[in-house]
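Welcome, and please open your viewer. We will walk through two contact surfaces, one stop at a time.

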Amino acid sequence: MAEPFIKIENLSYTYEEEDANASPVLKELSLRIEKGEFVAVLGHNGSGKSTLAKLINMILLPTSGKIFVKGKDITIENMRDEELLELRKTVGMVFQNPDNQLVATVVEDDVAFGPENLGVPSRKIRERVDRVLRDVGMLEYAKHEPHRLSGGQKQRIAIAGVLAMLPECIIFDESTAMLDPLGRRDVMSAIEKLNREQGITVIMITHYMEEAAVADRIVVLDDGKMILDGTPSFVFEHEDRLRECGLAIPQGTELIHKLRRAGISLEGECVTLEDCADLIERSLENKGN
Amino acid sequence: MKGISFGQYYPARSPLHSLDPRVKIILTLLYIVCSFLCKNVLSYALLLLSALLLVALGRIPLRIVLRGLRGVLFVLAFTALLNVFWTSGEVLLFEWKFIKIYLEGIYSAVFIMIRIAALIIGTGMLMTYTTTPIALTNAIEDLLSPLKKLHVPVHTFAMMMTIALRFIPTLTEETDRIMTAQKARGADFSSGGLIARAKALIPVLIPLFVSAFNRAGDLATAMECRCYHGGEGRTRMNVRHMRFVDVIPLFLIVAFGAALIVFNILAIGYTL
Amino acid sequence: MSEITVEKLSYFHGKDTPYEIKALDGIDLKIQKGMITGLIGHTGSGKSTLVQMFNGILRPHEGKVLLDGEDIWKRPKDIRKIRFRVGLVMQYPEYQLFEETIYKDIAYGPKNMGLSESEIDERVREAAEFAGLEPDLLEKSPFDLSGGQKRRAAIAGIIAMRPELLILDEPAAGLDPRGRDSIFQNIAEYQKKSGSTVLIVSHSMEDMARYCERLIVMSGGKIMLEGNCREVFSHADLLESVGLDIPQITKLTMMLRERGIELDSSVYTVEEAFEKIIKLYS
């Protein structure tokens, strides 16, 4: 089997605290993520999902275990600067609070920040900035001041800033948690687009089921361990297990499960609302026949 | 506090707005030097005229510029009065008990007012009104870049300035929000003596500092993730190349200074 | 128990500046006593501005805010007293914690009211319980608490003033589903036990549908819809058109209706949808 894009082996992490008996937030976690995949990492607060993101981006070093990105071990200490930059350029990260990740006072200057750090020639930066701003639908705001934009717009600027480094993978660490429904919708469609159209690997950390439903694959973490891994349809089958770890399945799926339990035969996937509507419509037709 | 705008930048399309910020900084310094070259009626008249010309070139409503002067009105009036009453000379205009007003006093009061006003208007027009803070920061970094050879961390200072400018509106909003939250718990910021008021600010300042620290931590992480590693090997999206039109103003200001010196030698009009 | 009424209320952000925006546009409204009301609207609909008028943080430019029939700005010097009667928990309230211990922080409001030590002590403990804080947390520093616990401490700080009307602006923002549910349950319990009036501001329709008896929907600085959940969700398409998220289950029944399946409108819980659909099979 070919080398996966990201390979995580027996990863554990314990935050260093004053009291010695701090319990690990990640316990012997193993995971493989292929290039171009759209993976949602689900879990309640404190399940270890944000720690996982920080480990992949080398903000933290694991207590034990290994992470390989494109076959390269990134958990070694004293990595050379060029290698570190190369890694951070390959795997970009968008954080939760839109206010705390924008650096410049003008939108386009902020988007240029990454490529500037990488020493990209001026003319090339200009081209990239214009292109990525168009990709996230924010080109007309190029000259605006970030603090006057809405949360959703700021978050799309942050995405553009990462895209401008030409990453192969972007990690979204609860990037929609502080947004209103409109902002969330815009950011989600931007994320979907860059995965589907540009083939960028997406690792999306979230606790919104409706958002996770869009992914190719869902990984559920609870108490630092992986408890479920599979397609949304597979993961949503485990309604009780999800509820135990504080997660709720989408309402449409919940309804289908309830109907099935009442003895109604509804066969097929029930991930999106369209799926659910199709199932109910079809089964009512069958009943009529 | 919504819609707060930091600094005095006034967006418009004008020759001054499009001028290279580096040139504007040099012009400002030279303009200040020129204002101190003035010694007689003609040169002060020219100084006043130049300030008005700058306002016209920057296409900024005079009302906005005059509003900027409002803050220093008291200082202006005070220094003018000092000059009127304390300058002695040969032509006595008015005398009452111990108060003596000389013609020289009137002249020097008018001169000092023109100088202060022209300085404020001139520097304002050349820099704050027509240049965004970020452009100004970049220009300062460029102009100071020779100091890098002496191991002065020019880039670091410029980065600090940029981040400060970026976070001023955010933290202003935050302060407003925390004050509202504490007011909702009965905080009283507007009554009591000085000590009571200072004490009432503690519930605002502590959360504000905590939040600022958290933001700083978040921002540092985000910057690292975007490959920030200091100024070394860094490029810039907007590199300004000096154009011919950027050089013209430099010649103009030198000519302006030369004219002032000539006026001084000729001692045209009343001279102090 | 008292009630809040507003008459022809208008407010402008940045009044007399070039940035002037009309945030509230001639609002008439009455908050029903002794129940949980939900105030819904997208960002910029004016909902946060409106609630800051209820406790006199903002002063109306036009119109009146009446508490028990009396204009709250009748004696501007006494506006602080209004803030003790109308408690406002702001968005992300954990940012307002500043004392060394949770106990002291919750006591900040009651202290400002000038209450006696014993009265304060009683209120702090009562409020902590209402907000779902364990008593042993009271002596801890706010900075040693988890995000959810900080949120609860901040809410307790308002409850400790024993307000007649409690307003919460997005009390569950940023929390995970478990935290969200448990905070809403605490609020519902508080309302039941204290009998006070509660107003929750949110844009999460699913939570609102579950916990509120009445809903008020704002858009563009005006009241767009008002009524119980059923009445409001029967206008699901109108809600969607102003950028609000209607509950997923309501969306699903709308879809089914469009496909010619006979379901009456205004379904907003899974249980209800289940009852109605199962009938179609019998």
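Begin inside chain A, where two salt bridges link domain 1 and domain 2; a salt bridge here is a side-chain nitrogen of Lys or Arg within 4 Å of a carboxyl oxygen of Asp or Glu. Select A:Arg261 and A:Glu239 to see a salt bridge with 3.8 Å from N to O. Before moving on, a word on conventions: this is a predicted model, in which local features need pLDDT of at least 70 and side-chain atom pairs count only at pLDDT 80 or more, while totals for chains, interfaces and linings use all residues. Residues are numbered from 1 along each chain as its sequence is written, chains are lettered from A and ligands numbered from 1 in the order in which they are written, and side-chain values use heavy atoms, with hydrogens and water left out.

Now colour 6-245 as domain 1 and 250-289 as domain 2 of chain A, bounds that come from an automatic or database domain assignment. About 700 Å² is buried between these domains of chain A, counted as the accessible area (1.4 Å probe) that two parts lose on being put together, summed over both. Show A:Ser233, A:Phe236 and A:Glu239, which supply 59% of the area that domain 1 buries against domain 2.

Next, display chain B with chain C. Together they bury about 1900 Å², 62% of it on carbon and sulfur atoms. On chain B, pick B:Arg177, B:Ala184 and B:Arg185, the residues that lose the most area to chain C. Finish at B:Arg185 and C:Asp105, a salt bridge whose closest N and O atoms are 3.0 Å apart.
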